[in-house]
Structure formats: C-alpha cells, structure tokens
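Colleague: I would like to learn how to read a model of this kind. Could we take it feature by feature?

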Amino acid sequence: MERLSGFIVNFTFGGETGTVPADGGFSYTDKLNELNEAQVKLIGSGSTIRSLFRLGAEVEIKRNGTREFFGVVVFIDTLDAGGIIADVRGYEWWLKEKGEYANSPWKATASATIFTDILAESTKLTAGTIDTGISMDFRAGLTDSFWNSLSNLARKTGQDVQVDYPNLEIDILDHRGSSTSVLVFNDGIEIRNLRFSQGYPIGNDVRVYGKGDGVNQIKSAVTSGQDAASKTTYGTIRHIVPDRTVMSQSEADTLADAIVPTTKDPTKIYDFDVINPSQSLIAGDLITLNSADKDLTNEEVRITGIQRGMIGGREFLTMQVANAAYSRLILERNSILNKLKKQQRDSDTFMQGSGNTQTWTNALNAKSGAAMRIVFPVAKSFVEDEAGNLRVESLTLDYDVDPYRAEYGTATMTGSDPQVQNQSGSATPLVVGLTGSAPMDIANIFNNDANNGGSPWNVGYNLAVLDGPPGELGDAGDEREYFRVNIAVRADYAGTGNDWFGVRWRFDKDGTFETKLLIHASEHFKGDGSIFLEQWFYIPYTDNSRISPGNLQSENILQEDLGWTLDFYTLFGLEYTIYCKVELVDWLHFHDDGNLQAASHPHTDGTYDINAADIDPITIGDDVSDAGALVASNVTIKLDYWNTGTSAWDNKVTIIPIPASLLDTDVDLTDGGTYPDVTGLWRVTIEPNGVTPDLVQGIVKMKHSLDN
Amino acid sequence: MVMKIDNYEGASDEFQWPQNPQVYDDLIDSNYSITNLSYQRHHIVVSGGGISPKVIILTGHFTGTNKLVDYRSLARHFQESQKLKKLYFESDKFALGIGKQSKKTHQGGRTNFIDYVATYQTILGIFLDDTQQTHTDGGAHKTNAGDVATFIETISGNVTSGSTDITVSDSLGNAYLIPKASLTTGQAVVISFVSMIDSGSGVFVSTYNYTTVAGSQIKTLQVTAGFGMIQLAAARTTSDLTIVNLDGYTVKFRNGWSA
C-alpha cells in the first residue's frame, strides 16, 4: 500500500495566513507552458475563516510539505452557510502586466538576455534559471504582457517556461522535466480509463508570416520549417503560422524550424486516471505508457498537464500527455479561446498595414529674411481615424545647407551698343562755386597826415585846403569809380573850450567847383589832444547827382581829370592836426570764372529713347556653379499652421539648433508630440542666418496611422 | 445502563431514556474507497485506516404518562442539529454527532406506547469516554486507555513569548502552528478539536481546530504536517505530544473506543 499525498491549503490575506479546511474539495494544475489555476471549495465556514477568502488573497497548496502551487484568488462565489468557491490563478498571472520593453526590438541578441530583460521589469516574479537558447531578433510591444512576451519568445527558441512557485521565479529551460522517461504506466495497474486519441499531422511545411502585409510581409524561407520524412508519409501539409511579432526573416526561419518538429507527426493525446495519485511528476516529464488493447507499447509521451487535488474526500490525479514532439497542452475550451484571442490581439497590436509615411521636399537658395519653405498638408482623410483622433506618429525634418547654387551662365548680347537718341527735357541749373578773385583798383592819390591853419569858409576859419591831383583809374566811360576819403582830426589846442569843425569836398567841373559838405561844423569839446573826428567818406567819381543834390546834373558825365579840394575850417581858428587820405577806387571790376559752374541738375527724359534698331538679342548661357563658401552659420526652423480664420500663418514651433548645425536629420517638429494638432495646411521654413544666400534643402517626413 | 443524550458544548441538557431503545443499529464501517477496474478481476483500494463516521438507528418506545413528553424531549435533541450531541450507549461512552431523524408511529392497538425510530449521524467513527482526562504541563502524563487513536479535544494555555510561534505536534504525523504575529505574551490560547460555529446567518458549521486567542477566534492556525488533527494513539500517553511556547498548558482528551 502506498501512502497518499498530504495536502495543506493556506490562504494569506492582509498579512495573515491560515490553513483552510477545503472540505468541499480543491484542485490545482501543473501545465506545460501555460498558466496554472486552482479551485478551493468550502461547504461551510464562519466569518473568521471567510475573511481569508478575498480577491487578491494568495493561495498556497502544499503536497507532502512542498509548495506545488501558489496563486492569487481572482474570483469568489459565496454560497449559503458560508460556502465558498475560490477560483485561483497561478502567481504567474501577475505577468499579465505590460512592459516598457525599452530594449525592444532586440537585434541579434542572445535569447537569454531578452528573457532577462523582460523579467527584470516584473514586480512580482524574478528570473531564475535561464538556459542559453539562441541569438535572434525579437520584438515586444507595449500592449504585450510579460507572459505573452515570454511565451512568444520561448516558442521561438523551442524552450519551456517553468514557474518556480517556492521561489516565485520564472525559469526558461531547454526542456522542463525529465527528458528521459521517469515512470512506466501500465494500463490497469498504475493507470485506468486510458483514452488514446490520434489525429493527422498539423503540418510538415510550416510557413511563418510576420510583420507587415502584402508582398513585403516578413515570411519564413521555403527551406525552413520543412520535414521531408513527414511529407513522404503523409504528404505535404502546409501549416501557416501568423505571428506579427516576427520582424525579420531570420526570426521567421527560426520559428518555423522550431514549430515543425511539434507539428510534423500525428498528434496523439492520452487521457487517463492515475490510480495512485501520489505521484511526484511534473508537466514536461517523459513517461512510458503501455496498453495492449490500445496498441501502445513503450509509448514515450510527455506530460503536458497535470490536475490533482481532493474531491469528495478522495485524492485524484488527472494527467494529459501528448507525443513527445507535440508537447503543447491540448487546452480546455476556455484556454483555447483565450489563445485565439491572444493571437488576434497580437495581430491587431502588431499589424503594420495600417501605417503610412509621407515626405515633402524642397531645395532653394535662401538667406536671412528669405527662408526656404516646405508647405504640406495634414489631410483629414489620411491622418484622422474614425473617432476623429489625429494619428500622426511622428513629424521630422532632415535638412542641409550648402553654398549658394547659381543656376545661370553668363549673359551675352550680340550686335552694337544701343544708342540714345533725341533730346532730354530742358533744365535751368543753379550756378555754384565762386568766381575768381579780383581786387578792386585802388589808387592812392593823396595822403596828408598833418596840416593846420587856414581861413574858414562860411563861418570861422579855413584851416586848410587840400588839393588833389585828378583822379582817374583809366577806364574811359567807366561809371564805377569813386573817391574814398579818410579823415582824422586831432585838436591840438589846450583847454576845454568848445569849437566847431567842418569839412568840405570840392571838385572841379569845367572850372566850376562842385561841392559836397562832408561834415558841417561839428561842435566838439575835445581839447585834450585826442582825435575827435575819424571818418570815411565815399564820394562817387562820376555821378554828379550824388555830390550835390541841389545842383543836379541830369546826365552822368564821366569826370575825367577831375581835380578836387578838401576844405577844413573851424570857428575859432584853434589848432588842429588833420590826417587825410584820398584814394580813387574803381569798384567796377571783372572776376574770372573761378570755379563757377552749373549745379548738377536733372533733365526730364524729354524725347530720349533708345534707337530700336540698336536693340539686339541677349542670350543667357546654361551653367550651374556653387559659391566658394557657406555664408550662414546656423538656421532657424519653424513649423507654421495656416489659420483659415485669420488668413495668416501661425507659428507653432521654433527650433534654433544648439549647437549650431547646418545639417541634421530627424529633427523633431512635434514639440514633444503636441503638433500637428489639427488637420489643414502646414509648412516648415528653414531660414539660414547668412546675409547672402546659401542653398537650403529639406525633407519633411510624417509617419501616421491609416484607417481603412 | 440508561441511555442518554446531552449537548457536547455549552449548557447541559441531558435526556435519559426511561426505557432504552429496544433495537439500534450501530454499523462499524471501515474508512476506505474501492475503485473497480473495468473488466478486471482486481480492484483499487484507497484507505487511511480507521472507522467511517456512521449513522446509528434507534428503535424504541415510550410508555406511561410521560410518553409524549419523553418523545418530545428525544425529538428536540434530534432536531437541534446545529448542536453537537453526545449520545450515550453505555454509561461511560458516547458517540459524538448530531441528530438526523426521528419519527414516531401511531398504532391503534398500542395506545399506551409511542413507538419511534430515530437516526443519529456521528461525526467521528469512534466512541469517546464520558470521562475527560486532563494533562497539565509538568504534571503526570495521561494515557489513552481506549483501543483506538483518539482526538485531543482541547489544548489551552498562555502564550509564553509573543515573539515565538506556538507549535503542536503528535507522534502520528500531525502538526500545526500558530504564528507569533497572532500572539502577545501572556494571552490565553484555546485550541478545540471541533466546535459548531455560526456561519453568520444562524446556520452552523462544524469547525475543526477552532482556536481562540484572548477569547477571539483567529484564522492563522496553519497545518504543517499530516491532517493537522492532533491525536493520541491507543495506549499512548500525552508525552507523545510536543507543545511549544504555551505556558501552563492543559491537554484534554477522552479515551477512544471502536465500540
């Protein structure tokens, strides 16, 4: 008689752990590469024990002192009299969390490294034993759970995922369980109710379809995923495996090669009850089956699933095995549906056919104040989904500034120079500049610095009479001459008495004196020896009317050889000293041109024109050339939106590269994902900071999702 | 010997048969399961030994002026299925269980009698001594003088140290612990083999290893070996038990009998 298992079921909630009498029975699973589950039933319970049965409570099931299952309560049925049914998921259920997968996609990376990277993000389980595996490409998406990523990767590496419940670790093993048979089960002795099912092979020509769609979709090579022996026996059976996470052909080939061993042979499924349920077997172990009436002789099979527990007070063990190659569990209905949903979700998540890219480019000479522009549409019909959301994934710019590109050759004209004909309009210019210098002719004709005495005329004493020589500067008929008389008188007498002093000019005219009274008896009191009178007189030489208004001559007669007399007189005949100088000045004189000239002045066109006969063809040669050097040192990049309300460009983003850069790629124009934020017309301008032009080239790239 | 029935827990409410039942059916059924193999000439046996709990059938009558009162007393006990009962067949041994059915017959010719049939469902397959034995820590050990392993009814004491688990184990592979997180030094701990607990709506459920600390039930008792039901084998003493971190503990049990 063999000993049956001793089970202990513990519940932990709120930091408290208690053993639960699962009087209604319990069961738990150990599945190969699938999530495990358990169920615990109580027929009746008090509130204290029931307080352990809460969503999220952790359930431990020990068999013979060893933890064989550890999970989380995810569903509770509460019945009369404290009856409870708790559905439990294996602790690996927490791997439903989604990861960031910062290192995805992995390129030519050891699968062990990828497994470790994925598990490093989990907050509940850690990496245990990770067998080496292979080097491969792998991609995990943000919507993929850790478990799905691990399962997907393990499927491609052909490895098994093992949950280590005692240590809460995930092991990735080349082969979970024993790879050689650990037990022989004989029908009717160790096992009973054996049911053996077989089906046609699933496929011996496995084709993996990965990322993308259409002719460019990633596909495994036709030489991968093949098994010639199976084809010979069963014919070619093509098995299509869609897996949108596959992103390279090498990965698709690897997966196809990993799948075909499991699908090339007829699928065989064995269900049976183990008589002695106290078997220390795990999913993944190989066992040997013998059953004469089912034609099974030393049939080596692999355990794909174990379910054990207590029902009706009795221990049970149910096992599902499959042929060693097809070591995937034949799932219960719900699990199959979930797998289908997962495949569909992978397909939806990793679908690439709905992505699209658009590019716009321009190349133009530009400078500061004259930017190069690229106008592009964010079309509603392209980038908006059915919910009205803008599905722009990225908007970037590549740009390059090069030396100015001239695109024309030399302009030449054949024929003669065009001639201007006819006349301009009239103009009256001003004269600018100065004449040449021309001194006045001045002849000193008398200079007497002292004289005194004489009899006065009229009143008093005439002190002196000064006769002068005729004065003429020689130009006969010249009416611009005049006498310039300078007189200074000093009273030489002592004392302070007053006297009167006068001066008279006379000149001969045909023997008659014409007179002009220059100074009439000026009273003065000077007697201190100072000069009391000093004065200039200008006496026209030829204009008689000026000399004597009362003795007018109607005509201006040039007085040639004119003699003149200055009379000085005083009332009391006192002593004076008279200084006198007479000059003859010819104020009328000529200046040479000096630098006189007409001021610069415009003329209206008048009748000027070009002789049409002189206009010959001008040809511009074909040539391109680059300037010798760049002018700009940096650029300003702007993203603008055409505001239909204001009919103006609204600037949304301005980027000045730091450090300065005249060439860059993948410049983010979205300002951290903000723009474009609306459909319509947008533009990118690139303005170099040079004062003269450089050649500016740019490519705007937009990646967006596309609703069909 | 006068048969009687009384409450197992709480206040006594004894009923003595004025006349013992004339016939009762006490079947000893070994505790095993047997699985037939199709077309085979051998079967699979799974057994943990012991005796299955049983249904005891009582057939008897009441007579005299109190016959109806007597029957009602009997019926009351058998209807109080929310309480564990002690059904005594001998003056010093009882079957622990609950009343299942009772019916009385009306016979035209026996107007002086009330004939009845009553069935009693035991929860244990063994009989227990009426006399409860008590072993106190440090005192003389007591012996299970019965012929079958018996269950330890209560273990009680005070927490020696609130920083240590309380552990209890027997020599038959059963053990449990109470974690220190549920204990404070000096608190009174009582671990009962079985008790009927209100599920919350007036419906009672048998609760094994019912444990209180400082008078309040706890849920943190953890079985660490076997079925977690502490037992004492026949002819063995309480020295077979190991109890840690419980000051001045007392162990109470009754001799176990197969019949």
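This is a predicted model: local features need pLDDT of at least 70, side-chain atom pairs count only at pLDDT 80 or more; totals for chains, interfaces and linings use all residues.

Modeller: Residues are numbered from 1 along each chain as its sequence is written, chains are lettered from A and ligands numbered from 1 in the order in which they are written, and side-chain values use heavy atoms, with hydrogens and water left out.

Colleague: How many helices and strands does chain A have?

Modeller: Helices (H or I, at least four residues) and strands (E, at least two) are DSSP runs, numbered from the N terminus. Chain A has 8 helices and 44 strands. Of its 708 residues, 44% are buried; buried means under 20% relative accessible area, exposed over 50%, and partly exposed in between (1.4 Å probe, protein chains only).

Colleague: What should I look for in a helix such as H5 of chain A?

Modeller: An α-helix has 3.6 residues a turn, so residues three or four places apart point the same way. H5(A) covers residues 249–263 and spans 21 Å from first to last C-alpha, close to the 21 Å expected at 1.5 Å a residue. The expected span is 1.5 Å times one less than the number of residues. Among the buried residues of H5(A) are Leu255(A), Ala256(A), Ile259(A) and Val260(A). Their cover includes helix H3 (146–157) and strand E10 (135–138) of chain A.

Colleague: Where are the cis peptide bonds and positive phi values?

Modeller: One cis bond joins Ile658(A) and Pro659(A), with omega about 0 degrees; Pro659(A) is in the loop between strand E41 (648–655) and strand E42 (663–668). Another joins Tyr675(A) and Pro676(A), with omega about -5 degrees. Asn64(A), which is not glycine, has a positive phi near 55 degrees and counts as partly exposed because its relative accessibility is 45%.

Colleague: What area is buried between chain A and chain B?

Modeller: The size of an interface is often given as the accessible area lost when the parts come together. Here that area (1.4 Å probe, summed over both parts) is about 1900 Å², of which carbon and sulfur atoms give 59%. The contact takes 24 residues from chain A and 25 residues from chain B.

Colleague: How many salt bridges does the rule find across the interface?

Modeller: The rule, a side-chain nitrogen of Lys or Arg within 4 Å of a carboxyl oxygen of Asp or Glu, finds 1 salt bridge. Lys219(B) pairs with Glu16(A), and their closest N and O atoms are 3.4 Å apart. On chain A, strand E1 (7–13), strand E2 (16–19) and helix H1 (47–50) each supply at least two residues of the side touching chain B.

Conventions
Contact means heavy atoms within 4.5 Å. Buried area is the accessible area (1.4 Å probe) that two parts lose on being put together, summed over both.
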